[in-house]
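Please examine the sequence and the structure shown here before reading the report.

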Amino acid sequence: MEIEKGINTPTSKNVNKLERNFNLATTIMMSAGLVIGVGLFTVSTNAVGFLGPMLLGGNFVALVIALLTSLVYAELAAMFPFSGGSYAYAYESWGKLGPFFGFIIATAILAGYFAVGAEALAFANYLLSTLDYLGIWNVMVSGEAPYTVTAIIASILILIYTVINWHKTKDVAISQKVIMLTMWGAAFVSILFVSFGSLEPSNYHPFIPEWFDSSTFVMAVTLIWWAYAGQEVIGTMAEEVKFPTITIPRALILVPFVVFSITTTMQWVVVGILPDVTILRDAGAPFALALQTAGVGTLVFLLFMIAEFMGNFSTVNPLLTGSSRIYYALGRNGYLPKVFGKLSTRKTPGLAVWVAGIGAILLLVTNNLLFIAQYTAFMFLFLYGFMSITHIVARYTRPEVKRPFKTPLGPVLPLLVLGFTIWMMTSLPLNVIIGSVVWLGLAAVFYLIWTRLPYGKEEREKSELFETAKKEIPEPTEEEKKELDREFKSFATKLGIVVALCIGFYLVTYLLG
């Protein structure tokens with residue numbers, strides 16, 4: 001398959017290119033792993049404190065928004081399967097304004113991917129809570145860990161995954177599979193233990209809590225949705241995905257259901273074991289607090305904590321990978337120093353990986369997990385809103401590009417996504433909105449200054465010249481296509497059964513109350 005017009009993307013003749021090591025399963029694990037972590041065990045568990053049993057409604061709204069966003073992204077990802085993801089989509093769709101909008105989107109993505117700092121802080125908080133619970137290290141003070149200790153632990157975690165990402169893409173894929181399978185196994189076993197011993201069905205009533213109001217619901221949905229945001233990360237790694245025009249759209253559609261099944265079930269368990277969920281609203285490690293308050297026992301507590309640790313690991317991994325590919329794409333096309341666009345002998349963008357890791361560590365100085373979550377949520381919302389507009393624009397500006405996947409209902413779905421993003425933005429604090437706008441404004445100023453410098457001019461001009469060049473995108477043989485179809489059908493069927501079981505779990509426990 002050939003795609004006309006492209007950003008400065010290596011052709012198949014270029015030996016200095018990224019390796020394609022991600023199949024459908026790995027792609028799903030990378031995307032789902034990014035969003036399952038602090039979103040599930042911290043931020044969206046805080047949201048349980050505001051919604052109680054009504055969290056099912058909040059998760060359903062979040063699922064719909066995430067699925068619509070995936071459908072919008074699926075078409076763009078199939079059209080432009082280049083490193084950089086949303087950066088490439090904006091660059092390719094907006095004509096002469098493409099480089100500018102692409103750069104602004106890239107900086108928004110990088111800011112959103114600073115969520116890796118929140119993941120690392122969450123891991124540190126939960127690790128110290130576990131050690132305190134076991135009596136190994138009683139460092140917690142009034143339920144909170146000292147900043148210095150959490151920052152050191154979080155920094156070590158980020159450094160470990162920076163080394164993994166720097167070493168080899170194949171190592172990233174293998175480690176992600178191990179992490180996700182371990183998390184799912186620990187979560188499944190722990191839920192079984194709790195279901196037969198600690199759940200109190202009466203906690204699920206009334207379904208609509210007495211403190212409910214519309215503004216609280218919107219705010220809580222935004223926190224829950226943050227556990228779904230980031231499914232588009234695999235687009236930033238498109239040049240490392242096998243048959244990306246087929247694999248990425250399929251992964252994007254399946255990922256929201258993976259997140260829904262895990263997130264809602266774990267949250268439902270929290271409601272079932274905790275009579276007063278309001279204590280979770282401001283907790284730094286709300287999931288651990290719920291387990292300790294409920295007195296579930298050491299074995300169950302440790303199983304849940306293993307799931308939580310794996311959730312953090314699964315998010316740090318793709319966040320670092322995704323952000324480094326943004327730096328790589330910008331450097332390769334002359335919008336950052338050219339050294340960012342160089343690959344190491346290990347076929348990874350070495351400097352880009354290290355800058356992504358060090359940048360995440362620097363953000364830890366805020367020591368405010370909720371602020372990081374809200375700040376990155378704004379960036380994701382801005383990103384998705386802008387991409388919904390980009391989707392509509394691309395239909396008119398790039399009609400010649402083949403669309404292996406086409407979003408249904410024309411402009412209706414992108415406009416729905418745009419409406420949802422604006423709706424959720426209104427729930428964020430004013431200081432978060434102002435800080436985000438300042439960041440984007442500084443990015444615009446940097447772009448206007450940088451692009452007037454002679455440095456990188458050749459790469460930027462080459463990107464323009466590549467508009468008429470043809471890029472080779474790997475296309476499967478007939479036999480490979482059949483195998484891809486079998487793999488997708490098998491995964492989708494199994495996932496459908498899991499989602500049905502999760503909903504059944506809801507209904508049974510609710511009716512028993």
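The model is predicted. The protein contains 18 helices and two strands. Of its 513 residues, 59% are buried. Among the contacts between residues at least 6 apart in sequence, 86% join residues at least 24 apart.

Helix H3 covers residues 55-79, 25 residues in total. From its first C-alpha to its last it reaches 36 Å, which is close to the 36 Å expected at 1.5 Å a residue. H3 is also mostly covered, with 19 of its 25 residues buried.

How do H3 and helix H9 cross, and at what angle do their axes meet? The axis of H3 and that of H9 (residues 214-225) come within 9 Å and cross at roughly 60°. H3 is therefore oblique to H9. The crossing of the two helices is right-handed.

| Helix | Residues in the contact |
|---|---|
| H3 | Leu55, Gly57, Gly58, Asn59, Val61, Ala62 and Ile65 |
| H9 | Phe217, Val221, Ile224 and Trp225 |

An α-helix has 3.6 residues a turn, so residues three or four places apart point the same way.

Methods: Residues are numbered from 1 along each chain as its sequence is written. This is a predicted model: local features need pLDDT of at least 70, side-chain atom pairs count only at pLDDT 80 or more; totals for chains, interfaces and linings use all residues. Side-chain values use heavy atoms; hydrogens and water are left out. Helices (H or I, at least four residues) and strands (E, at least two) are DSSP runs, numbered from the N terminus. The expected span of a helix is 1.5 Å times one less than its number of residues. Buried means under 20% relative accessible area, exposed over 50%, partly exposed in between (1.4 Å probe, protein chains only). Axes are lines fitted to C-alpha atoms, for helices over the stretch in contact, and angles run from 0 to 180 degrees between N-to-C directions. Angles under 35 degrees count as roughly parallel, over 145 as roughly antiparallel, 65 to 115 as roughly perpendicular and the rest as oblique. A crossing is left-handed if the near helix is turned anticlockwise from the far one by less than a right angle, and right-handed if clockwise. Contact means heavy atoms within 4.5 Å.
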